[in-house]
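Subject: Structure for your review

Dear colleague,

Please find below the structure that I am handing over to you. My findings follow directly after it.

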Amino acid sequence: ETAQRGGCGIIAYYRKEGRALGEVTKFRVYNSRKYQVGGDRPDTYFEQTANIAGIEDARVQELMPDALRFLGVQKIDRLLSMSKDKYDALVGADIEIVNRVSLPESWVPANATVEITAKIAAGYNSFQPELHEDSESADYLWSLDAVRERSHSLLDIGQRGELPHFDIDMSKMGSAVDAVLGTISKRYPTMDIPIHSRFRQFEHGGVDRIRDLEMSWAGEGIDAMEVVRRKIDLVVCSVLLDAGAGADWQYSDRGGSVHARSEGLAIASLDMFRNGAFSSDGKHTVDAAALLSMQMPELADGFQVDGSNPMAGLDGRLAILHRLGVALQTNHEIFQRGDSFRPGNILDHVLRQTLENNGVLQDNRLSMRVLWKGVVEGLGEVFPDPSGKKMGDCWHHSSLGAPGSQESMVPFHKLCHWLTYSLIEPFSSFGIKFVDTYLLTGLAEYRNGGLFVDTGVVVPRDPATFNIEHEVESELVVEWRALTVGLCDKTAEQIWDRLGVTQQQMSLAQILEGGTWAAGRELAYEKRPNGGNPPIRINSSGDVF
């Protein structure tokens with residue numbers, strides 16, 4: 001029983017009276033976590049234990065290996081445990097660990113995500129499938145963990161006043177949170193907030209354009225799985241085309257309504273999809289051959305670009321569509337189904353991978369890491385590669401390490417994140433339940449970032465920052481984007497506290513939608529009415545933001 005309970009945890013409660021006292025203490029801790037302001041949260045998980053019990057963890061893992069040594073165990077071929085303390089105790093007792101295997105996400109009960117998140121943040125082993133073995137590998141920089149960890153590292157440095165380009169004034173966080181709550185109350189007064197997704201922009205103006213498509217597909221007898229593939233086809237192309245279009249561009253839809261910025265790009269790409277522009281046979285699909293044959297006049301016509309309606313980064317958009325076509329053909333194990341090379345075939349790949357890894361898709365529950373892995377492995381080469389090392393939207397910052405070193409790299413993978421958020425809905429419509437959407441971060445782009453600059457949380461050290469245009473790869477922009485990711489997390493924490501809700505009741509994905517980007521846009525138009533430009537201008541190449 002000692003071994004089954006994870007070592008000497010049972011010893012602390014060996015006597016009947018002691019065990020009863022221990023169970024009461026655990027009950028008090030669970031109650032305290034549940035009823036604290038903001039509800040049960042990973043960031044206060046260990047704090048609540050310490051408040052009640054006087055210590056975060058009373059277990060002495062150094063005694064745990066004794067049971068194994070008594071049984072003559074000298075080597076463990078595969079250790080399936082999240083606990084870093086157990087691992088360290090075993091190694092310290094000279095028991096060889098050949099392979100440390102991360103646990104499948106599906107093993108975690110749905111109501112245990114807070115505990116698991118807190119433990120991973122404290123250094124416990126994470127879940128499979130992982131993309132990295134350690135923080136020195138290039139694969140680590142493609143991981144969800146790296147985006148949050150590196151961004152928070154720069155935020156910590158900023159809070160100490162040691163960043164080269166920006167100061168952080170956390171006393172102004174209340175203003176940022178007020179702005180976000182204000183937009184939420186206006187846009188979603190009942191607090192029934194959907195997740196941040198490209199599908200919200202397809203609905204711009206209150207028109208359910210996707211429903212119209214689905215009705216046409218139903219009339220054709222399209223089955224449920226193909227419907228999901230088509231939605232994935234659409235959203236992949238649309239997200240990849242969603243770079244800043246500039247303040248002068250706009251799009252007139254078939255009904256004569258005029259749209260600009262991201263909503264205009266969404267509706268324009270939807271109309272192109274509906275017209276078969278991305279399909280070799282003119283259907284409501286996307287395939288590699290059609291993308292590779294796309295030419296500038298066709299793309300410009302689809303976006304209604306001409307001398308009086310200029311669009312920023314049109315060349316970059318065409319290049320990214322061509323790279324998407326190459327990626328679909330190159331990564332055939334993900335995107336090939338029969339003779340077709342389509343984004344939508346990632347549905348089959350993800351389901352196939354899940355079944356191969358776990359044997360069964362338990363209760364239709366799926367880890368976000370599985371979908372993220374398919375996105376970054378299948379589409380990573382589509383995104384810009386400033387390092388020449390296939391690390392995508394990943395840039396240097398001198399505060400983290402020597403120039404050119406992997407320690408100095410700060411990954412964002414904004415379009416990968418935006419795409420993954422947007423893919424949740426098609427997968428969910430097929431009955432898939434993602435158990436850990438909290439792994440995704442805020443989006444490192446100029447609307448979220450503008451929120452924190454315009455509310456005074458992020459303050460440029462040099463006032464001239466506002467007067468010039470900055471390159472995407474500049475350290476100033478990298479710093480601003482990293483602070484944005486970290487501060488989105490801080491905003492969510494304060495919103496949970498203020499509303500008295502839990503992370504499970506209002507996810508970061510909902511706060512982004514409610515939300516941070518909308519508040520950033522509103523502030524931009526208040527402070528800069530002529531176009532609503534972000535406070536810091538970036539030279540957009542059309543393939544990052």
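Trp-249 and Phe-303 are both buried. In this predicted model, the ring centres of Trp-249 and Phe-303 lie 6.1 Å apart and the ring planes meet at 80°, so the pair is edge-to-face. An angle over 60 degrees is what places a pair in that class. Trp-249 sits in the loop between α10 and β6 (250–252), while Phe-303 sits in the loop between α13 (296–302) and α14 (314–330); the pair therefore ties together parts that are 54 residues apart in sequence.

Trp-249 also pairs with Tyr-251. Here the centres are 6.5 Å apart and the planes are at 25°, so this pair is stacked. Tyr-251 is buried, as is Trp-249. Trp-249, Tyr-251 and Phe-303 together form one aromatic cluster. Across the whole structure, the search finds four aromatic pairs.

Gln-304 lies in the loop between α13 and α14. Although Gln-304 is not a glycine, it has a positive phi of about 60°. With a relative accessible area of 29%, Gln-304 is partly exposed.

A second residue with a positive phi is Met-191, which is not a glycine either; its phi is about 65°. Met-191 is found in the loop between α7 and α8 (198–202). Its relative accessibility is 35%, so Met-191 counts as partly exposed.

Next, I turn to the packing of two helices. How far apart are the axes of helix α7 and helix α21, and at what angle do these helices pack? The axes of α7 (residues 173–187) and α21 (residues 508–527) are 8 Å apart, and the angle is about 110°. The two helices are therefore roughly perpendicular to each other, since that class covers angles from 65 to 115 degrees.

On the α7 side, the residues that take part are Ala-179, Val-180, Thr-183, Ile-184, Lys-186 and Arg-187. On the α21 side, they include Ile-511, Gly-514, Gly-515, Trp-517 and Leu-523. By type, the residues of this contact divide into eight nonpolar, four polar and four charged.

Two of the glycines in this contact call for attention. The peptide bond from Gly-514 to Gly-515 is cis, with omega near -15°. Gly-515 belongs to helix α21.

Is helix α19 (residues 446–454) enclosed by the rest of the structure or open? Nine of its nine residues are buried, so α19 is largely enclosed by the rest of the structure. Among these buried residues are Tyr-446, Arg-447, Phe-452 and Asp-454. The elements that cover them include α7, α11 (261–274), β14, α20 (475–499) and α21.

Lys-231 lies in helix α10 (residues 224–240). Why does Lys-231 count as buried? Its relative accessibility is 10%, and buried means under 20%. Beyond its neighbours within four places in sequence, Lys-231 is in contact with Phe-199, Ile-210, Glu-214, Trp-217, Pro-426 and Ser-429.

For the protein as a whole, the secondary structure comes to 21 helices and 16 strands. Of the 545 residues, 54% are buried. Among contacts with a separation of 6 or more, 70% are between residues 24 or more positions apart.

Finally, a word on the confidence of the prediction. The average pLDDT of the protein is 84, and 82% of the residues score at least 70.

Yours sincerely,
A colleague

Conventions
Residues are numbered from 1 along each chain as its sequence is written. This is a predicted model: local features need pLDDT of at least 70, side-chain atom pairs count only at pLDDT 80 or more; totals for chains, interfaces and linings use all residues. Side-chain values use heavy atoms; hydrogens and water are left out. pLDDT is the predictor's confidence in each residue, from 0 to 100. Helices (H or I, at least four residues) and strands (E, at least two) are DSSP runs, numbered from the N terminus. Buried means under 20% relative accessible area, exposed over 50%, partly exposed in between (1.4 Å probe, protein chains only). Contact means heavy atoms within 4.5 Å. Axes are lines fitted to C-alpha atoms, for helices over the stretch in contact, and angles run from 0 to 180 degrees between N-to-C directions. Angles under 35 degrees count as roughly parallel, over 145 as roughly antiparallel, 65 to 115 as roughly perpendicular and the rest as oblique. Ala, Val, Leu, Ile, Met, Phe, Trp, Tyr, Cys and Pro count as nonpolar, Asp, Glu, Lys and Arg as charged, and the others, Gly among them, as polar. Rings of Phe, Tyr and Trp (its six-membered ring) pair if their centres lie within 6.5 Å; planes under 30 degrees apart count as stacked, over 60 as edge-to-face and the rest as tilted.
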